[in-house]
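Subject: Handover of a structure and notes on its features

Dear colleague,

Please find below the sequence and the structure that I am passing on to you. My notes follow directly after it, arranged by topic.

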Amino acid sequence: MAAAVVLAEAGRSVLVIEAKPTIGGGCRTEDVTLPGFHHDICAAIHPMGMVSPLLRRLPLGQFGLTWIQAPAPLAHPFDDGSAAVLHRSLSASGATLGKDGLAWEGLMRPFLRDTDALFEDILKPVRIPRHPFRMARFGAIGLRSCASLVRSRFEGEKARALFAGCSAHSFLALGAAASASFGLVLALVGHATDWPCAKGGSQQIVDSLAAYLRSLGGHIEVGREVRTLADVPPARAVLFDVTPRALERIAGPALPDGFRRQLRSFRYGPGVFKIDWALSGPIPWRAPECLRAATVHLGGTFEELAASEHAAVHGQIAERPFVLVAQQSLFDDTRAPAGHQTGWAYCHVPHGATVDMTPRIERQIERFAPGFTDLILARRTMSPADVEAHNANMIGGDIGGGANDLMQFIFRPTSRWDPYTTPNPRLFLCSSSTPPGGGVHGMCGHGAAMSALGSVLR
Ligand SMILES: Cc1cc2nc3c(=O)[nH]c(=O)nc-3n(C[C@H](O)[C@H](O)[C@H](O)COP(=O)(O)OP(=O)(O)OC[C@H]3O[C@@H](n4cnc5c(N)ncnc54)[C@H](O)[C@@H]3O)c2cc1C
């Protein structure tokens, strides 16, 4: 949708083709538990949406999008009833991190001088940055593993765990190279702007993009799966928001064998097991700070998080998984009937895992919020297979568009200099398997649209 908007803004005529009966992709909001409870089926919290150079520039507010900001982006509770909190203020965050408060500030502060420039470089292919010195400094830290970074920078449990929870969004083992980059970026976004949610649900992000696209003359067709190139009307350029494996299948002989082999060898990462709850009240966190954050990371210490992520990467089921919880309805009263709440959570599991994680996820919440399970009115679960059935791009439940190992972190999806192009000058890839990867930011689409506008659509 982002690619379509960029092309339409440039005066090209655009048709978006969507396989499912409704638009939304990884940003759908639906009543899947009880009437009146609006659940974000996939993405819920949008740190990258708020800093995306594209989404910030587009007039989405005029087309229905309102970001909602909780008092704090993120809380991370511990067994003793305390919590580390990522606040926008460095010093307020530091105050929750015990003896590591100053070390946290020292790690973050140098990057907070011109965050617009930093995020602009981060949200594009790892090639020649616009701000090379800043990116070199970022790379020196970000290319490290989370484990080595937290051990060298922090003495206490709180800062280590807070940073590890952010790093775990990489879907990498926390000892893996570059896992620290995810921790650093997400913490910086929290300090620089926020981790917001969209009023009414994530669907509003795509609906506002669609409304803007239509205002520019673009068209959308739903319920039409593209299986081969013959399913696409004649066009000067086709931009595919599909996974590399699907592009290889759809384009077939329109792409050379060597490139098809590269697409086939693209690697996918661990999956997720997801739950939505209709709740009779707010989650009764033992640490009251957790009620002030839209996102809560569960799993306690760095060691427990590291064990959970190591298990997901190595094909094992963690008994005490790292759980990501979102509680949008605390800050958005359109999400649930009066006096009620929605709950959203997932944990990482091995690629394509079939184990029902419901008891393990609910035990983790109960551990930090005794009485949680008594509030459950209804739940809907999604296994990795369900996630893939919901959206063909999420192979084996991998929601990040492919593994973030070092090679694919730098060369994504193939080793081509312009990662959005293929050897066929008409065909482009614009999915989250291209840079900058998974997340709701529109920058994959933006990059692919700019490539097309700079070549066949010039
Ligand atoms: C459980 C879960 C939680 C997540 N949480 C977050 C979060 O909190 N924050 C965040 O930023 N991100 C999150 N994500 C990831 C986020 O949803 C994706 O990174 C994002 O949606 C990718 O956007 P996209 O536009 O590239 O593709 P998608 O949103 O995947 O959209 C692609 C669209 O293309 C359609 N399509 C695919 N193949 C075909 C075909 N052959 N023919 C026609 N149509 C086709 C699909 O049906 C889909 O509608 C989450 C994902 C999941 C599943």
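I begin with the aromatic rings, for which the count comes to eight aromatic pairs. Please keep in mind throughout that this is a predicted model.

How far apart are the ring centres of Trp104 and Phe154? They lie 5.8 Å from each other, and the planes meet at 25°; planes under 30 degrees apart count as stacked, so this pair is stacked. Trp104 belongs to helix H5 (residues 101–108), while Phe154 sits in the loop between helix H8 (146–153) and helix H9 (157–167), so the pair ties together parts that are 50 residues apart in sequence. Both Trp104 and Phe154 are buried. Together with Phe163, Trp104 and Phe154 make up one aromatic cluster.

A further aromatic pair, Trp344 and Tyr346, is edge-to-face, with 5.3 Å from centre to centre and 70° between the planes. Are these two residues buried or exposed? Buried means under 20% relative accessible area. Trp344 has a relative accessibility of 8% and therefore counts as buried. Tyr346, with a relative accessible area of 9%, is buried as well.

Next comes the ligand. The ligand is surrounded by 29 residues, and the closest are Glu18, Gly26, Ile45, Asn391 and Gly439. Sorted by class, this shell holds 15 nonpolar, seven polar and seven charged residues. Taken alone, the ligand exposes 1000 Å², and the protein buries 87% of that.

I turn now to strand E11, which spans residues 293–298. Six of its six residues are buried, so the strand is mostly covered. With strand E5 (residues 72–77), E11 pairs in the parallel sense over three bridges, and Leu74 stands opposite Thr295 of E11. With strand E12 (residues 323–326), E11 runs antiparallel and is joined by four bridges. In this pairing, Leu298 stands opposite Val323 of E12.

Which residues are joined by a cis peptide bond? Pro413 is placed in the loop between helix H17 (406–410) and strand E15 (427–429). Another cis peptide bond joins Pro435 and Pro436, also with omega at about 5°. Pro436 lies in the loop between E15 and helix H18 (443–453).

Positive phi values should be noted too. Phe171 is not a glycine, yet its phi is positive, at about 65°. Ala178, likewise a residue other than glycine, has a positive phi near 75°. Phe171 is in the loop between H9 and helix H10 (179–192), and Ala178 is also found in the loop between H9 and H10. Phe171 counts as buried because its relative accessibility is 11%, and Ala178 counts as buried at 0%.

With kind regards

Methods: Residues are numbered from 1 along each chain as its sequence is written. This is a predicted model: local features need pLDDT of at least 70, side-chain atom pairs count only at pLDDT 80 or more; totals for chains, interfaces and linings use all residues. Side-chain values use heavy atoms; hydrogens and water are left out. A residue is near a molecule or strand if one of its heavy atoms lies within 4 Å of it. Accessible areas come from the Shrake-Rupley method with a 1.4 Å probe; for residues, only the protein chains shown count as cover. Ala, Val, Leu, Ile, Met, Phe, Trp, Tyr, Cys and Pro count as nonpolar, Asp, Glu, Lys and Arg as charged, and the others, Gly among them, as polar. Buried means under 20% relative accessible area, exposed over 50%, partly exposed in between (1.4 Å probe, protein chains only). Helices (H or I, at least four residues) and strands (E, at least two) are DSSP runs, numbered from the N terminus. Two strands pair if DSSP finds at least two bridges between them. Rings of Phe, Tyr and Trp (its six-membered ring) pair if their centres lie within 6.5 Å; planes under 30 degrees apart count as stacked, over 60 as edge-to-face and the rest as tilted.
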